[in-house]
Amino acid sequence: MKSLKYIFLTISLLGAAFATQAQEKISVRCELSGCQGSLALFSFDGITFREVQRVMATNENVYEFSLSKGEPKFYYVGPFANNQRPVLLGSENGVVIKGDCANIRQTQITGSKLNQEYDIIKARINKHNNMHGMALRKWAGAKEEEAKKVAVAELKSVDDKKVAFLDSLKKTNPLFARVAAINTYVSYPNNPGNYANEIEYFANEFFRFVDFKDAGYNGMPWVYENFSSYAQTLASVGLPPTETKVYLDKALAKFPEGGEAQQFAMAGIMTGLQKQKSAGYTEYAQRFIKSFGEKAPKAAAAIKEELDRAMRLMTGAVAPDFAQATPEGKDMKLSDLRGKYVLIDFWASWCGPCRRENPNVVRMYDQYKGKGFDILSVSLDNSRDKWLQAIEQDKLAWKHVSDLKGWSNEVAQMYEVQGIPKTFLIDPQGRIIATDLRGPSLEAKLAEIFKTN
């Protein structure tokens, strides 16, 4: 998945189809050092990069691609899929890319009016978005009524600039207008409508200016990017998952069913939900595989692999078994504790939040240890002495294991731990029933369990 910084859009500058019996060819010259002998063009399907063409150097550090002339398409140039830069190719002959493959994203493109114009469009969009963000922060932070009025006026000025820019592009270049349309979001304070709050406004109006029935949005990476942002925002503002799903499905329904633009949108939704660690990711991943698996088999395979990995740690899955050394040097398995409710607690002696949470965990352990509750703490310490000292100081009288590899702890890697404290609550059959329980949430969950058991 790529950030907006590195993903451009598919742009067409041809008003009519290019049709001749012998289609004209165009050449793209790359003068790039450090490419290890070959260079490739890749396409992007919202999930993966597919190698379209690979060439060997014709002279020292010179590579030439030959493409059929026609509507411009979005490509990525580089030696490998994970080391490339975006470029628009197809309508212009004589495009030259210069630089070094070791620093591929800073290479220079010459002989391309198309890419130069797009850079101008992108810069204007970024400027408007930055102005919007500054004015919105002023509005949100204003305590006096007069300050709020000033901020609202600034937001209105930015809104007007965005809409005027979009209208100008509609008159001069409707294809560039699509790019502006999907990036035009006007402020809630000036356009509240009948919405109860800004969240409701955002959910319904984020794509106000976009007509997704327009086939020109097919293959446009902006669709992927903005749906990723849209989904991540909805998943982060505290909406019930069912309500988030209603909004996402409503947005997806705006596309022709099964089309390329809908494919990019669904891929973006998956990315946004995954970034927010939303359980809704699973459903949209499965839907992507079902809807686009035949059209994009490589993407579907990558999603299935990611989905299988994610589902290993989801609520209802059997927690992966593991074994690590106790302070006494004996291996202990998670499965040794089957038959009990077990809190797997990832922590470290140097982790302030972990140490501050320990008194609460001690209290819960003392209250429920006689009722079938146990704890297995996995330490991300490097120092055995500091690990054992913290256990003693905090009076942690339950089971402990560690391989003393710090963040490289093998169990932490298995459980994809990216921050501590991190917890998984396991039922007597070894299934994950909750994650990230701390303080009141841990207390409430254990009270619920042992009231009914």
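This report covers a sheet, a helix and some salt bridges in a predicted model.

Residues are numbered from 1 along each chain as its sequence is written. Local features need pLDDT of at least 70, side-chain atom pairs count only at pLDDT 80 or more, and side-chain values use heavy atoms, without hydrogens and water.

**The sheet.** Five strands make an open, mixed sheet, ordered β13-β12-β11-β14-β15. Strands are DSSP runs of E with at least two residues, and helices are runs of H or I with at least four. Two strands pair if DSSP finds at least two bridges between them. β13 (399–401) and β15 (432–435) are at the edges with a single partner strand each, so one side of each has no neighbour in the sheet. β14 (residues 422–426) pairs with β15 in the antiparallel sense over three bridges.

**Helix α2.** This helix spans residues 145–172 and has 28 residues. Its buried residues (under 20% relative accessible area, 1.4 Å probe, protein chains only) include A151, L155 and V158. Among the elements covering its buried residues are α1 (113–141) and α3 (174–182).

**Salt bridges.** The structure holds 22. Each needs a side-chain nitrogen of Lys or Arg within 4 Å of a carboxyl oxygen of Asp or Glu.

| Pair | N to O distance |
|---|---|
| K138 and E154 | 3.2 Å |
| E205 and R208 | 3.0 Å |
| R355 and D394 | 2.5 Å |

K138 lies in helix α1 and E154 in helix α2, 16 residues apart. R355 is in helix α10, whereas D394 is in the loop between α11 (384–393) and β13. K245, D249, E283 and R287 are linked in a salt-bridge network.

Note on methods: Expected span 1.5 Å × (residues − 1). Buried < 20%, exposed > 50% of the residue type's maximum accessible area, 1.4 Å probe, protein only. Contact = heavy atoms within 4.5 Å.
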